[in-house]
Amino acid sequence: MFDVPLEEKLTNSWSAVLPVEERRWNVGLLVGPSGAGKTTLARALWPGRLVEAHAWGDRAPVDDFPKGMSIKDIVGLLTAVGLSSPPAWLRPYKTLSNGEASRASMARALAEQDGLVVVDKFTSVMDRQVAKVASHAVAKAVRRSGRQLVAVTCHYDVFDWLQPDWVYDVAAGSFAWRRVQPRPGRPDPKLLRRVLRKHGFLPEERQPEPDPQAESALRWLEAAFATDARVGDPPRPRGA
């Protein structure tokens with residue numbers, strides 16, 4: 001087209017070194033801006049492992065999990081990735097919020113694939129605060145089960161909450177091993193105790209309007225026990 005010689009057409013190429021076989025790990029992060037080549041790199045490194053989208057029917061999400069899985073196992077997996085709302089398990093997938101749908105898809109990916117799971121566009125359609133909570137819940141579930149997850153995303157804000165064992169920044173061409181750090185942004189213990197007294201242990205109608213500090217602490221607490229909900233029991237806040 002446009003009489004441009006074939007040899008003069010623009011091409012992109014990547015050279016990446018990810019020494020992920022050198023150590024044991026559970027969670028990896030492949031991050032970079034849109035168009036940087038993350039998905040292409042993930043396909044080349046882990047053929048057949050990249051999860052991009054699922055086909056969902058008009059029934060409840062629990063009906064689209066692999067045949068042979070018990071309802072107990074399905075609900076346990078949904079809860080483990082932070083989708084612990086029974087109404088969300090029973091509504092058609094198309095009625096779920098972006099955050100709920102993404103977590104349902106994550107649970108299904110873990111159900112359908114053994115061992116390593118590579119998730120493209122990780123948390124891309126989620127509200128960013130929800131994305132942080134979901135990242136923590138998913139990473140916790142993967143580590144508990146001894147699985148491996150590679151999150152492929154353009155969002156750098158999930159880094160502290162996903163707590164990956166290694167990170168490859170596609171734009172910078174840099175790879176780094178890292179240690180799992182304590183959950184970021186832990187509020188002061190006195191603030192946590194105050195928030196629990198006024199918001200965690202009182203009926204909703206008796207709870208005061210949270211100030212900015214309390215609201216931030218409440219979000220931290222949501223992440224802290226996002227995966228601890230059990231079927232039939234509401235999550236119980238831990239004392240600080």
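These legends describe close-up views of a predicted model.

**View 1. Helix 2 and its cover.** Helix 2 spans residues 71–80, and its buried residues are I74, V75, L77, L78 and T79. Helix 3 (86–90) and helix 4 (98–112) are among the elements covering these buried residues. Just after helix 2, G82 adopts a positive phi of about 100°.

**View 2. The K94–D58 salt bridge.** Seven salt bridges turn up in a search of the whole structure. In one, the side chains of K94 and D58 meet at 4.0 Å, N to O. The partners sit 36 residues apart and link distant parts of the chain. K94 lies in the loop between helix 3 and helix 4, D58 in the loop between strand 2 (50–51) and helix 2. K94 is exposed, at 67% relative accessible area. D58 is also exposed, at 62%.

**View 3. The E100–R91 salt bridge.** The closest N and O atoms of E100 and R91 are 3.0 Å apart. E100 counts as buried because its relative accessibility is 16%, under the 20% cut-off. R91 is partly exposed, at 28%.

**View 4. The D157–R128 salt bridge.** D157 pairs with R128, with 2.9 Å between the closest N and O atoms. This pair links distant parts of the chain, 29 residues apart. D157 is in the loop between strand 4 (148–153) and helix 6 (159–162), whereas R128 belongs to helix 5 (residues 128–145). D157 is partly exposed at 28% relative accessibility, and R128 is partly exposed at 22%.

**View 5. A positive surface patch.** K190, R193, R197 and K198 form the patch. R197 lies in helix 7, residues 189–200. With 53% relative accessibility, R197 counts as exposed.

Methods:
Residues are numbered from 1 along each chain as its sequence is written. This is a predicted model: local features need pLDDT of at least 70, side-chain atom pairs count only at pLDDT 80 or more; totals for chains, interfaces and linings use all residues. Side-chain values use heavy atoms; hydrogens and water are left out. Patches are made of residues with over 30% relative accessible area and no salt bridge: like charges are joined within 9 Å, nonpolar side chains (Val, Leu, Ile, Met, Phe, Trp, Tyr) within 5 Å. Accessible areas come from the Shrake-Rupley method with a 1.4 Å probe; for residues, only the protein chains shown count as cover. Lys and Arg count as positive and Asp and Glu as negative; His and the chain ends are not counted. The place of a charge is taken as NZ of Lys, CZ of Arg, CG of Asp or CD of Glu. Helices (H or I, at least four residues) and strands (E, at least two) are DSSP runs, numbered from the N terminus. Buried means under 20% relative accessible area, exposed over 50%, partly exposed in between (1.4 Å probe, protein chains only). Contact means heavy atoms within 4.5 Å.
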